[in-house]
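Please find below my notes on the model you sent.

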Amino acid sequence: MAETPRRIWLTGASSGLGAALAEALLHSGAHLALSARTEAPLAQLALRFPGQVLVVAGDLTDRQQVQAMGAAIEQHWGGVDTVILNAGTCEYVDTRHFDAELFERVIRTNLFATGYCIEAALPLLRQGVRPHLVGVASSVTYLPLPRSEAYGASKAGQRYLFESLRLDLAHEHIDVTVVSPGFIDTPLTRKNDFPMPMLVSARQAAAYIAARLERRPLEIAFPTLFIGALRLLAWLPAWLRVWIGKRLVRQATTQGDA
Ligand SMILES: NC(=O)c1ccc[n+]([C@@H]2O[C@H](COP(=O)([O-])OP(=O)(O)OC[C@H]3O[C@@H](n4cnc5c(N)ncnc54)[C@H](OP(=O)(O)O)[C@@H]3O)[C@@H](O)[C@H]2O)c1
């Protein structure tokens, strides 16, 4: 007998990693509820994969809209088996003119919206089969990087949130996986004006994640060499890490952008 397709709610599916992940999961036969503010790419996927896609578009920083997405998913499916919270944004801080509004924007999108999604997702996951919550954080949290005050803080917050949730949800058998990517070539990183070592394509990143979801590890971190290097750096004494970080700032300043 054919296996029942997994029902997955994926956020941030309109571009970059989320769009590539949507493709990979749809090709594997999963059914997807897709969220993002830009509806056209989601509708395109619905056309290309008839019967597999539920479009639940909207702004994830608006708690009421997220609750409406959850209600729509419940109405169509009754529950979800996997939730992948991937939507996110990145803006870099210029400490010469620290902009608290920028800080708020990034934290709102990456952290508050994650809270709204978790609020909507948990009742759905409780109705799911072998429920699995996946949060896309970042390898940026292994090591503080210059200009990443807002993004890094939001991602560190996300990591703590998911790791803490993992403990509290264990007795309900809801597994939690944290995804920690290095640099991926997406619209988000195309704005970066600095070298991005070991950059991978969104397709490669999506294939890497999709291949590991079934095993539901605690963490999916890649590319391996990049993560290994970051972990080594994180082991260095604090003064040496600061020294390296300052050199990165100086490099950026000589390039005229910090
Ligand atoms: N690219 C990298 O190198 C990298 C590395 C580590 C971690 N990550 C993480 O990977 C995730 C995906 O990033 P990406 O690189 O694929 O970026 P991206 O191409 O800019 O995609 C971001 C996605 O999030 C959605 N989104 C943003 N704000 C939203 C909001 N308020 N409401 C609903 N949807 C929203 C966007 O859709 P709309 O704009 O249509 O709403 C888009 O689909 C992010 O969490 C990012 O932090 C990326």
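1. The ligand is surrounded by 30 residues, and the closest are Arg-37, Thr-38, Tyr-151, Ile-184 and Thr-186. A residue counts as near a molecule if one of its heavy atoms lies within 4 Å of it. By class, this shell has 13 nonpolar, 14 polar and three charged residues. Here Ala, Val, Leu, Ile, Met, Phe, Trp, Tyr, Cys and Pro are nonpolar, Asp, Glu, Lys and Arg are charged, and the others, Gly among them, are polar.

2. This is a predicted model, in which local features need pLDDT of at least 70 and side-chain atom pairs count only at pLDDT 80 or more, while totals for chains, interfaces and linings use all residues. Residues are numbered from 1 along each chain as its sequence is written, and side-chain values use heavy atoms, with hydrogens and water left out.

3. Backbone N or O atoms lie by oxygen atoms of the ligand at these distances: 2.8 Å for Leu-17, 3.3 Å for Gly-88 and 3.5 Å for Gly-182. On its own the ligand has 870 Å² of accessible area, and the protein covers 92% of this; the areas come from the Shrake-Rupley method with a 1.4 Å probe. H1 and helix H5 (149–169) are the elements that give two or more residues to the shell. Helices (H or I, at least four residues) and strands (E, at least two) are DSSP runs, numbered from the N terminus.

4. How many cavities of 30 Å³ or more does the structure hold? There is one, and the largest cavity has about 60 Å³ of space. On a 1 Å grid over the protein atoms alone, a cavity is a set of points where a 1.4 Å probe fits but cannot get out, whereas a pocket is an open set with protein on both sides within 12 Å along at least five of seven lines; lining residues have an atom within 4 Å of a point. Grid points are joined across faces, edges and corners, and the volume is the space filled by probe spheres set on them.

5. The residues lining the largest cavity include Thr-11, Leu-60, Asn-86, Cys-117 and Gln-158. Helix H4 (residues 100–125) supplies the largest share, four residues. The lining has five nonpolar, five polar and no charged residues.

6. The second largest pocket has a volume of about 480 Å³. Of its 20 lining residues, Glu-3, Arg-6, Ile-8, Ala-30 and Glu-214 lie nearest its centre. Strand S1 (7–11), helix H1 (16–27) and helix H6 (202–213) each supply at least two residues of this lining, which divides into eight nonpolar, five polar and seven charged.

7. The whole structure has five aromatic pairs. Rings of Phe, Tyr and Trp (its six-membered ring) pair if their centres lie within 6.5 Å; planes under 30 degrees apart count as stacked, over 60 as edge-to-face and the rest as tilted. Tyr-92 and Phe-194 are edge-to-face, at 5.7 Å centre to centre and 80 degrees between the planes. Tyr-92 lies in the loop between strand S4 (82–85) and H4, and Phe-194 in the loop between strand S7 (184–185) and strand S8 (200–201), so the pair ties together parts 102 residues apart in sequence.

8. Phe-222 and Pro-223 are joined by a cis peptide bond, with omega about -10 degrees. Pro-223 is in the loop between strand S9 (219–222) and helix H7 (224–235).

Key: A polar contact is a pair of N or O atoms within 3.5 Å; within protein, one must be able to donate a hydrogen and the other to accept it, and residues adjacent in sequence count only if both atoms are side-chain atoms.
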